[in-house]
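Reader: I'm new to this one. Could you show it to me and then take a few questions?

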Amino acid sequence: MPLALEEAELPAMEMEFQGETLLIDPRGCLVWPKENLLVVSDLHLEKGSSHAARRGSFIPPYDTHATLEQLALCIADWQPKTIISLGDSFHDEDASLRLPQSCRLALRQLMEAREWIWVCGNHDPLPPENLGGTFCTEMMMGPLNFLHEPKPQFRYGEIAGHLHPAAKIRRRGKGVRRRCFASDGRRMIMPAFGAFTGGLNVKDQAYDGLFEISDLQTWFLGKDAVYQIAGDQLVA
Amino acid sequence: MLIAPTGAGKTLAGFLPSLVDLAQTPKPKPGEAKRGIHTLYISPLKALAVDIKRNLEKPIEEMGLGIDVETRTGDTPVSRRQRQKLNPPQIMLTTPEQLALLIANKDAPRFFDNLQTVIFDELHSLVTSKRGHLLALGLARLRSFRPDLKTIGLSATVAEPDDLRRWLVGQPELGEIALSEFVHLQGGAKPNITILDSEERVPWSGHSARYAMGDVYRAIKAHGTTLLFVNTRSQSEILFQELWNINEDTLPIALHHGSLDVSQRRKVEEAMQRNELRAIVATSTLDLGIDWGDVDLVVHVGAPKGASRLAQRIGRANHRIDEPSRAILVPANRFEVMECQAALNANYLGAQDTPPLLSGSLDVLAQHILGTACAGPFHADGLFAEITSSAPYAELSREQFDQALDFVSTGGYALRAYEQYAKIKKTEDGTWRLTHPAIAQRYRMNCGTIVEAPMLDVRLTRKRGKNAAFQGGPILGKIEEGFVESLAVGDTFLFSGNTLRLEGIREAACYVSKAADTDPKVPAYAGGKFPLSTYLADLVRGMLANETERKDLPPQVREWIEIQKLKSILPKRDELLIETFPKGDRYYLVAYPFEGRMAHQTLGMLLTRRLERARAKPLGFVATDYAIAVWGLRDFSAMIDKREITLSGLFDEDMLGDDLEAWLDESFLLKRTFRNCATIAGLIERRFPGKEKTGRQMTVSSDLIYDVLRSHDPNHILLQATRADAAHGLLDVRRLGDMLSRTKTRIVHKGLEQISPLAVPIMLEIGRESVVGEAQEALLEEASSELMRIG
């Protein structure tokens with residue numbers, strides 16, 4: 001059953017992509033109501049606390065906890081049937097083993113009674129230990145193709161992560177920089193969902209060749225709203 | 001007095017006489033009474049005392065001396081403190097506040113009756129504040145217990161060593177000066193300091209140095225262990241998070257500042273000792289004497305604000321006298337580039353700009369008088385002689401002393417009617433005693449001089465909004481109350497690496513929840529914490545005036561100054577440049593005194609009053625460390641041309657007379673200063689067993705008292721103390737006065753059609769504070785609605 005935006009009363013923004021209606025949640029996840037699907041990318045679990053496990057908790061505490069808590073809120077709001085974690089879900093190959101017990105339980109609870117798909121990323125090329133879910137390198141659904149790293153050769157309907165897109169505008173001498181979704185209508189790149197993950201400006205050369213610049217649109221993640229801003233408004 | 005460069009081993013040298021003495025003293029036989037404290041070591045920082053204990057125990061153990069060393073700080077558990085009183089260690093490492101508590105005890109004479117030596121570490125940093133005043137009075141007390149007491153002062157290089165030498169020994173009659181012995185070790189390897197040479201563009205203004213994060217991260221990767229210094233807690237939080245955002249290699253990077261929970265701090269310190277960290281982001285809690293061993297790079301983010309402070313911080317790298325320290329300065333904006341270059345030149349020249357010593361403050365005196373009474377009855381004459389033997393109070397007049405005594409016994413003239421202010425009374429035998437034993441208990445809760453920033457516990461609550469629970473919850477650390485008070489419920493801020501959302505303040509705690517925002521509402525940078533030193537300011541002015549002094553600046557900054565020369569004026573070293581120009585629908589007046597933010601803040605208040613009177617319709621002003629900008633509705637240039645206002649009249653020294661008085665009458669700042677003095681002097685209490693007062697509650701009652709005293713007792717001792725504080729602290733009137741008299745006939749004015757290059761940084765500061773939180777959202781909305789129109 002597709003989700004109804006009015007009912008949810010969430011400040012998500014509707015957008016058309018490859019003929020499908022998608023919703024962008026200001027917290028950084030993507031919802032595909034028709035398929036009852038929720039997508040998050042680049043959770044980077046255990047990025048900060050990886051060393052904490054071994055050496056005492058002097059490194060940023062709670063980053064995994066914070067990320068999962070946020071994810072739980074999104075899941076509670078959208079009640080998706082399927083969840084795709086679009087790669088770099090764990091910061092390194094051992095990260096899933098180091099999950100603190102409380103986080104492991106929290107994650108299991110989120111995965112319960114849902115289809116959970118781990119797409120592999122460059123940080124986590126192998127399936128997570130003892131967590132279940134489906135593990136794959138790419139996931140095709142209808143016109144959309146979910147994978148971690150965008151492929152330089154041109155592909156329609158690709159939804160990727162990896163680059164942690166952020167964008168910046170300048171208005172009346174003041175700059176505002178936010179994480180964002182970026183798309184030219186052919187490909188879409190999702191922002192990183194995890195705490196302690198930085199952003200890379202979409203004007204950076206790392207994006208060269210990925211978008212048709214004249215068609216580039218960005219969706220800034222605001223506090224309680226999403227703002228669509230055209231590529232020609234952006235600054236480096 | 002031992003002055004030596006960092007890494008020379010001066011702390012251990014300071015302990016040597018005590019170690020020799022203790023090693024030669026036969027151990028007490030079983031059953032024989034312990035001999036009490038032999039050596040007292042006093043450091044400005046708790047962390048330093050802990051560190052010294054580690055460094056001292058090792059040689060003691062290796063030599064098999066069997067000497068017991070213990071720390072006693074605010075973090076020491078009460079049970080251990082009690083045990084220490086009954087069974088004191090031979091060497092006790094402590095802080096000025098703990099000393100004040102120890103001597104305010106009736107057992108103090110017995111506790112210290114075997115005391116041979118007191119060692120003051122980092123004395124240069126202790127003596128410049130009220131803490132130093134209280135400590136000097138405590139030392140005078142110890143000296144009256146033990147007239148032959150040996151004092152040892154340890155210090156980094158200072159401008160006036162004689163000030164410290166005087167401080168260490170009892171002062172004779174007024175007019176004479178006694179000095180301690182003096183050992184000055186010169187030399188040390190010249191540090192290797194560079195200013196970050198970034199490919200990125202250095203921003204005009206701001207304090208985050210975000211542009212340089214990539215460079216800083218690469219530097220961390222290229223070195224073994226790096227110490228990163230910043231000036232404020234909020235900067236340390238930002239830097240820490242920015243570094244973690246790009247920490248692709250998950251390098252162990254830790255955070256250390258005074259507001260973090262003590263167990264968290266200890267963990268970081270221990271990890272550092274074990275060499276497990278690659279980098280540590282720290283505020284001034286770490287910039288004194290702590291030996292971190294294998295640090296091989298110091299990165300200083302933001303301008304150091306003073307040449308001596310920079311030298312001290314850079315001394316942290318290597319910490320061995322024969323090897324040069326390696327340091328990189330990372331200026332956050334273009335003025336800071338100039339400041340860093342100036343500091344760099346100064347460090348090479350070995351220049352020192354430690355602030356001058358001030359005479360002892362009266363509120364501290366009042367606290368000490370009460371503390372003395374807590375220990376036992378005293379004679380006024382004896383106490384006066386004891387107090388004037390300490391260097392900061394050597395010039396205290398008997399009249400002022402009697403006024404302080406009167407204050408402690410009655411509250412002073414205007415408060416005489418209220419019994420609660422009568423804390424001591426004169427008895428028939430001529431001694432002064434406490435009126436009630438409970439006062440001693442209250443004194444112990446209120447002792448100390450650090451009230452500038454009342455701290456609140458940061459407690460985590462799980463629920464948000466209306467349902468938030470205001471009790472229990474884990475404590476994440478402590479935070480300045482003043483900062484929390486500037487926030488509204490729902491605002492977010494960075495703390496110990498988390499973005500937190502304020503849910504409310506209850507008693508001595510602020511309740512927060514975890515926020516999802518990655519862009520917290522960061523506090524406006526309080527650059528005023530360390531104002532630009534006079535010495536460094538002069539060097540920066542020299543750099544503007546003189547092309548040859550600019551030769552080492554990076555090209556983009558040099559070019560900026562050259563364009564200023566073309567478009568406007570570069571002031572000479574002793575000139576004050578004032579520019580006026582229109583922008584938008586407003587007119588601006590920008591002056592460049594380079595006297596630090598506090599002095600500029602005061603100047604701004606006074607200038608706007610004067611412009612108001614001249615009907616120039618000023619609307620507001622903004623002050624930075626370097627400049628001040630005033631804006632208004634009338635054309636300043638035209639008014640100056642028509643001689644409706646004259647700049648020499650506007651910047652006349654007489655503004656420090658009536659205008660200052662009038663402003664202080666209305667200002668909130670003086671009330672806050674009064675609150676601090678009243679707290680130190682014991683007029684109002686900050687803590688009471690079970691019900692801690694927050695700073696806000698104190699403000700209410702202290703404001704009332706302030707008004708009463710101003711109208712009925714304008715010469716009250718606490719008003720004297722308040723005015724003295726205002727003159728050099730919060731308002732920096734002294735420095736403003738120096739500047740006005742220096743530039744009296746040397747004001748140069750340039751009327752411009754548009755903003756000058758030099759004015760760009762301060763113009764960007766205007767309204768900077770409004771573009772957080774909701775304002776950012778508004779800009780985004782504006783940008784997206786434009787798109788809709790185009791679409």
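**Some buried loop residues**

Author: Let's start with Arg550(B), which is buried at a relative accessible area of 2% (buried means under 20%, exposed over 50%, partly exposed in between, with a 1.4 Å probe and protein chains only). This is a predicted model, where local features need pLDDT of at least 70, side-chain atom pairs count only at pLDDT 80 or more, and totals for chains, interfaces and linings use all residues. Residues are numbered from 1 along each chain as its sequence is written, chains are lettered from A and ligands numbered from 1 in the order written, and side-chain values use heavy atoms, without hydrogens and water.

Reader: Which backbone oxygen does the side chain of Arg550(B) reach?

Author: Arg550(B) sits in the loop between α19 (534–545) and α20 (555–567) of chain B; helices (H or I, at least four residues) and strands (E, at least two) are DSSP runs, numbered from the N terminus. From there, its side chain gets to within 2.9 Å of a backbone oxygen, that of Leu544(B).

Reader: And Asp88(A), is that buried or exposed?

Author: Asp88(A) belongs to the loop between β5 (82–85) and α4 (95–98) of chain A. Its phi is near 50 degrees, a positive value in a residue other than glycine. With a relative accessible area of 2%, Asp88(A) is buried.

Reader: What separates the C-alpha atoms of Leu683(B) and Ser702(B)?

Author: Leu683(B) is in the loop between α25 (669–681) and α26 (695–712) of chain B, and counts as buried at 7% relative accessibility. Leu683(B) and Ser702(B) are 19 residues apart along the chain, and their C-alpha atoms are separated by 8.7 Å.

How values were computed
Polar contact = N/O pair within 3.5 Å; in protein donor to acceptor, adjacent residues only side chain to side chain.
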